[in-house]
Amino acid sequence: MSKSERPNPLFRNLNAKVASIPMILTAMAVFVGGTVWTVLYSFTNSKLLPRLNFVGLDQYYRLWATPRWLISIENLLIYGAISLVFSLVVGFLLAALLDQKIRFEDTFRTIFLYPFALSFIVTGLVWQWLLNPDFGIQHVVRGLGWESFSFDPLYNSSIVIYGISIAALWQGTGLIMCLMLAGLRGIDEDIWKAARVDGIPMWKTYLFIVIPMMRPVFITTLVIIASGIVKVYDLVVAQTSGGPGIASEVPAKYVYDYMFFAQNLGQGFAASTMMLLSVVIVIVPWAYLEFGRRK
Amino acid sequence: MRYKLLTAALAATAALQFAGPAAATDLEVTHWWTSGGEAAAVAELAKAFDATGNHWVDGAIAGSGGTARPIMISRITGGDPMGATQFNHGRQAEELVQAGLMRDLTDVATKGKWTEVVRPKSLLDSCTIDGKIYCVPVNIHSWQWLWLSNEAFEKAGVPLPKDWNEFVAAAPALEKAGIIPLAVGGQAWQSSGAFDVLLAAVGGTDTFLKVYKDKDATFAAGPEVAKVFKAADDARKMAKNTNVQDWNQATNLVITGKAGGQIMGDWAQGEFQVAGKTAGKDYTCLPGLGLNEVIATGGDAFYFPLLKDADKSKAQEVLAETLLDPKTQVAFNLKKGSLPVRGDVDLNAANDCMKKGLAILAKGAVIPWTDQLLSQDTQKQKEDLFAEFFAKPDLTVEEAQKRFAALIASAD
């Protein structure tokens with residue numbers, strides 16, 4: 001009797017569970033299986049073909065002694081910090097401005113979101129031209145009369161990563177703005193009315209009431225931006241191919257180059273395992289805070 | 001009755017299918033020859049193969065070898081092999097051979113007496129693994145050339161240099177005339193290749209072999225190689241204003257007289273030809289940078305993946321024979337601008353620079369190239385080092401040499 005009243009939770013929504021089995025299996029086999037396989041083979045000296053010939057941590061020692069990998073990590077940190085801060089701040093500001101019930105909102109939204117419709121390869125090529133000293137911004141400004149004006153970030157080793165960041169921000173900020181705008185629209189009108197009645201200035205309302213209420217949107221945005229940072233590859237390939245020299249290399253490109261050009265799978269796997277590890281270090285504490293404490 | 005009819009019909013279709021390809025077998029051949037001159041050269045190969053009654057299915061992959069090789073390798077390892085594929089002979093396909101994915105051509109080679117006709121011998125050696133022959137070399141491409149623009153030197157008012165040292169001495173005059181002394185494109189393989197050429201030219205053949213063949217790290221850290229790094233330092237200073245990426249754009253700077261010279265392989269010759277320039281009058285070539293006249297025997301070869309289809313395997317043999325045929329060799333290499341792999345062919349139509357190369361080859365002044373001596377892994381690390389060295393003036397010569405020696409110590 002009691003059984004029929006309280007069914008086994010395992011069999012609740014049975015249809016949905018059965019339907020999701022293929023996806024679960026795919027995820028297990030492809031994602032988890034692939035990850036385990038990659039990590040396992042990163043401890044081998046596999047060259048062109050995977051071979052189970054274990055060499056311990058040799059690939060990792062070599063990785064961390066390689067100047068190109070260290071430069072890649074440094075670039076990723078700079079690029080990550082810039083993307084994170086600027087796309088959040090600029091995206092939110094644009095969204096807040098659009099939220100002021102302005103005229104032609106749709107037009108502005110379209111304009112800001114348009115770059116996102118372009119792939120990173122196209123974005124990279126466009127900005128390669130814009131930042132080229134002989135054709136782009138520098139050429140135009142010099143043509144206007146400022147002869148000594150110099151702006152060639154892609155040809156200067158020490159600032160090339162900023163040149164790449166500019167292109168990334170131009171491409172990605174529109175999407176962040178739209179996400180933020182959706183979040184802002186989700187805030188109840190009554191909150192605004194109440195704040196106005198209490199005489200709280202607008203910037204304070206945003207900062208202390210609206211932003212804390214938009215927490216889920218911020219988290220979604222953060223995940224999107226962060227995953228975009230770690231996997232950045234095509235933008236660099238299109239804009240500089242890692243140059244000048246190796247000044248704008250990024251980890252994902254290191255992985256690709258060593259797996260396929262250098263025919264050294266072990267080294268590529270070691271590098272990709274380090275990338276995974278860095279993501280895990282960021283995600284796990286956050287997931288723990290986010291999902292763990294609800295219990 | 002009905003059953004019998006059906007079997008007969010089936011048998012007939014099967015027979016038809018079988019008979020079809022036997023008459024003219026389609027063989028897909030992948031390669032990365034896509035520029036104008038290269039495509040014309042490949043067309044010669046295709047023509048020769050089609051003349052044998054088979055059919056050449058062209059599988060050109062755009063981009064350089066670096067782009068094409070991963071695609072070829074993943075097709076072979078992924079169980080979708082092509083009929084034949086280009087690689088640079090040497091160690092690029094070594095592991096594919098060891099894994100048993102490539103076809104042993106020893107029988108064809110014995111029949112065609114390859115060991116007697118292929119010159120220099122080192123070409124066939126790099127096709128040989130454990131005493132068996134796995135590839136057909138089709139041409140020799142050498143890196144050891146300095147291409148000079150006669151116009152640029154005239155404009156700067158200095159005599160045309162006869163070797164690298166005179167070229168370095170002429171650099172200030174060129175710079176004063178607003179000419180980039182040395183054009184080196186931004187792609188990593190260009191700076192790394194230029195260094196290897198300097199190693200063989202400034203350091204000499206023994207130095208080159210001691211570093212890349214014996215992989216003597218102590219020697220690589222020593223004074224002989226330091227001299228080469230000094231020359232590389234000169235080169236990067238002379239090249240610092242080159243704002244181009246691709247090798248042919250850099251060659252174009254020399255063609256138009258905007259740059260004094262370029263260290264580049266003999267494939268650059270095709271660019272001069274397309275631009276309508278004459279060797280000796282508009283441009284000058286110095287093999288071995290005028291210091292050490294040697295030619296490295298890098299180049300292209302065709303490998304044949306192991307196939308299950310008997311007809312296709314037969315066609316592979318025909319293709320292998322066709323590639324080494326004297327007539328094909330001449331037609332192909334004249335279009336490609338490279339040197340033929342047999343010594344018994346007639347190359348009267350060759351231009352001045354090609355003739356210089358042939359003379360050096362006849363003297364036997366050849367060295368193996370890095371594709372034959374080093375693994376792709378080591379090559380890539382070397383590229384990373386020299387890309388950084390050429391782009392970053394504050395990377396000192398001493399530091400670079402230390403890193404180079406460490407690289408040689410771990411090289412394979």
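Predicted model: local features only at pLDDT ≥ 70, side-chain atom pairs only at ≥ 80, totals over all residues.
Local features here need a pLDDT of at least 70, and side-chain atom pairs count only at pLDDT 80 or more, while totals for chains, interfaces and linings use all residues. Residues are numbered from 1 along each chain as its sequence is written, and chains are lettered from A and ligands numbered from 1 in the order in which they are written.

**Domains**

Let us begin with the division into domains, whose bounds come from an automatic or database domain assignment. In chain B, domain 1 covers 26–141 + 298–361 and domain 2 covers 145–296 + 374–409. Chain A also has a domain 1 (1–41) and a domain 2 (57–292).

Two residues are in contact if their C-beta atoms, placed from the backbone, lie within 7 Å. In chain B, 15 residues of domain 1 are in contact with 16 residues of domain 2. On the domain 1 side, α2 and α18 (352–363) of chain B are the elements that give two or more residues. The largest share, six residues, comes from α18(B). By class, this side of domain 1 of chain B has three nonpolar, nine polar and three charged residues. Here Ala, Val, Leu, Ile, Met, Phe, Trp, Tyr, Cys and Pro count as nonpolar, Asp, Glu, Lys and Arg as charged, and the others, Gly among them, as polar.

Four residues from domain 1 of chain A and six residues from domain 2 of chain A make up their contact. The domain 1 side of that contact in chain A has two nonpolar, two polar and no charged residues.

**The five-stranded sheet of chain B**

Helices (H or I, at least four residues) and strands (E, at least two) are DSSP runs, numbered from the N terminus. Two strands pair if DSSP finds at least two bridges between them. An open sheet of five strands with mixed pairing has the order β2-β1-β3-β12-β6 in chain B. Its edge strands are β2 (55–60) and β6 (135–137) of chain B, each pairing on one side only. Neighbouring strands are turned by 25° against each other on average, direction ignored. Such angles run from 0 to 180 degrees between N-to-C directions, with axes as lines fitted to C-alpha atoms, for helices over the stretch in contact.

Which residues lie on the two faces of β3(B)? Ala84(B), Gln86(B) and Asn88(B) are on one side, with Thr85(B) and Phe87(B) on the other, and all are buried. A residue is buried if 20 or more other C-beta atoms lie within 10 Å of its own, exposed if 12 or fewer, and partly exposed in between, with C-beta atoms placed from the backbone.

Strand β3(B) (residues 84–88) pairs with β1(B) (residues 26–31) in the parallel sense over two bridges, and Thr30(B) stands opposite Thr85(B) there. With β12(B) (residues 300–303), β3(B) runs antiparallel and is joined by four bridges. In that pair, Asn88(B) stands opposite Asp300(B). Helix α2(B) (residues 36–50) lies across β1 and β2 of chain B, at about 155° to β2(B).

**The four-stranded sheet of chain B**

Another open sheet of chain B has four strands in the order β8-β9-β7-β10, again with mixed pairing. The edges are β8 (180–182) and β10 (283–287) of chain B, and the twist averages 20° from one strand to the next. Strands β7(B) (residues 145–149) and β9(B) (residues 259–263) are antiparallel over three bridges, with Leu146(B) opposite Ile263(B).

**Where the chains meet**

The contact between the chains takes 18 residues from chain B and 18 residues from chain A. On the chain B side, α3 (65–77), α4 (94–98) and α20 (376–391) each supply at least two residues. The largest share, eight residues, comes from α20(B). This side of chain B divides into seven nonpolar, five polar and six charged residues.

Helix α20(B) is largely enclosed by the rest of the structure, because 16 of its 16 residues are buried. From first C-alpha to last, α20(B) reaches 22 Å, close to the 22 Å expected at 1.5 Å a residue for its 16 residues; the expected span is 1.5 Å times one less than the number of residues.
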